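User: I would like to learn how to read a structure feature by feature. Can we go through one together?

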Amino acid sequence: SESVNVEEVGTVLLYGHMDKQPPFEGWMEGLGPYTPVIKDGKLYGRGGADDGYACFAAITAIKGMQEAGIPHGRYVLIIEASEESG
């Protein structure tokens, strides 16, 4: 694969978290934390608007670029594990 000068292309910071909080009570009828539902163009379910899988998505994308021989700069991945713990 083609070589990249990291000083020229720079570094990309990728962030994601991996902790999950307990589900809350009080979902509307037909909705719940473990069954994703699209209603009126909105996604309902646990983590529907969360970035809990950002780490996996970033690593998978980088791996795909490397397997395809696509040159890329330097990546720094920060994985946080307790930002919601209080």
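User: Where does Asp40 lie?

Analyst: A word on the source before we start: this is a predicted model. Asp40 lies in the loop between strand 2 and strand 3, which covers residues 42-44.

User: What phi does Asp40 have?

Analyst: Asp40 has a positive phi of about 55°, although it is not a glycine.

User: Is Asp40 buried or exposed?

Analyst: Read the relative accessible area: over 50% is exposed, under 20% is buried. Asp40 has 73%, so it counts as exposed.

User: Let us step back. Which secondary structure elements does the protein have, and in which pattern?

Analyst: The protein has 2 helices and 4 strands. Along the sequence they follow the pattern α-β-β-β-α-β.

User: What share of the residues counts as buried?

Analyst: Of the 86 residues, 15% count as buried. The accessible surface comes to about 6,700 Å². Carbon and sulfur atoms account for 56% of that surface.

User: What do the contacts say about sequence distance?

Analyst: Take the contacts between residues at least 6 apart in sequence. Of these, 68% join residues at least 24 apart.

User: Which residues of helix 2 are buried, and where do they sit around the axis?

Analyst: First the general idea. An α-helix has 3.6 residues a turn, so residues three or four places apart point the same way. Now the case here. Cys55, Ala58 and Ile62 are buried in helix 2. They cover an arc of only 70° around the axis, which puts them on the same side of the helix.

User: What covers the buried residues of helix 2?

Analyst: The cover includes strand 1, residues 11-17, and strand 4, residues 74-80.

User: What does the face turned away from the buried side carry?

Analyst: That face of helix 2 carries the exposed residues Phe56 and Glu67. Phe56 has a relative accessible area of 60%. For Glu67 the value is 61%.

User: How many salt bridges does a search of the whole structure find?

Analyst: Side chains of opposite charge can pair when their charged atoms come close. Here the search finds 1 salt bridge. Lys63 and Glu67 meet in a salt bridge at 3.8 Å, N to O.

User: Where do Lys63 and Glu67 lie?

Analyst: Both lie in helix 2. They are 4 residues apart, about one turn of the helix.

User: Which residues make the nonpolar surface patch?

Analyst: Met18, Ile59, Leu77 and Ile79 make it. The patch comes to about 370 Å².

User: How many residues apart in sequence are Met18 and Glu80, and how many Å apart in space?

Analyst: Read both distances together. Met18 and Glu80 are 62 residues apart in sequence. In space they are 6.5 Å apart, C-alpha to C-alpha. Phe56 and Met18 make another pair: 38 residues apart in sequence, 9.6 Å apart in space, again C-alpha to C-alpha.

User: One last residue. Where does His72 lie, and what is it in contact with?

Analyst: His72 lies in the loop between helix 2 and strand 4. With a relative accessible area of 22%, His72 is partly exposed. Leave aside neighbours within four places in sequence, and His72 is in contact with Val4, Ile62, Met65 and Gln66. Ile62 is one of the buried residues of helix 2. His72 and Asn5 are 67 residues apart in sequence, yet 9.0 Å apart in space, C-alpha to C-alpha.

How values were computed: Residues are numbered from 1 along each chain as its sequence is written. This is a predicted model: local features need pLDDT of at least 70, side-chain atom pairs count only at pLDDT 80 or more; totals for chains, interfaces and linings use all residues. Side-chain values use heavy atoms; hydrogens and water are left out. Buried means under 20% relative accessible area, exposed over 50%, partly exposed in between (1.4 Å probe, protein chains only). The arc is that of the directions from the helix axis to the C-beta atoms. Contact means heavy atoms within 4.5 Å. A salt bridge is a side-chain nitrogen of Lys or Arg within 4 Å of a carboxyl oxygen of Asp or Glu. Patches are made of residues with over 30% relative accessible area and no salt bridge: like charges are joined within 9 Å, nonpolar side chains (Val, Leu, Ile, Met, Phe, Trp, Tyr) within 5 Å. Accessible areas come from the Shrake-Rupley method with a 1.4 Å probe; for residues, only the protein chains shown count as cover.
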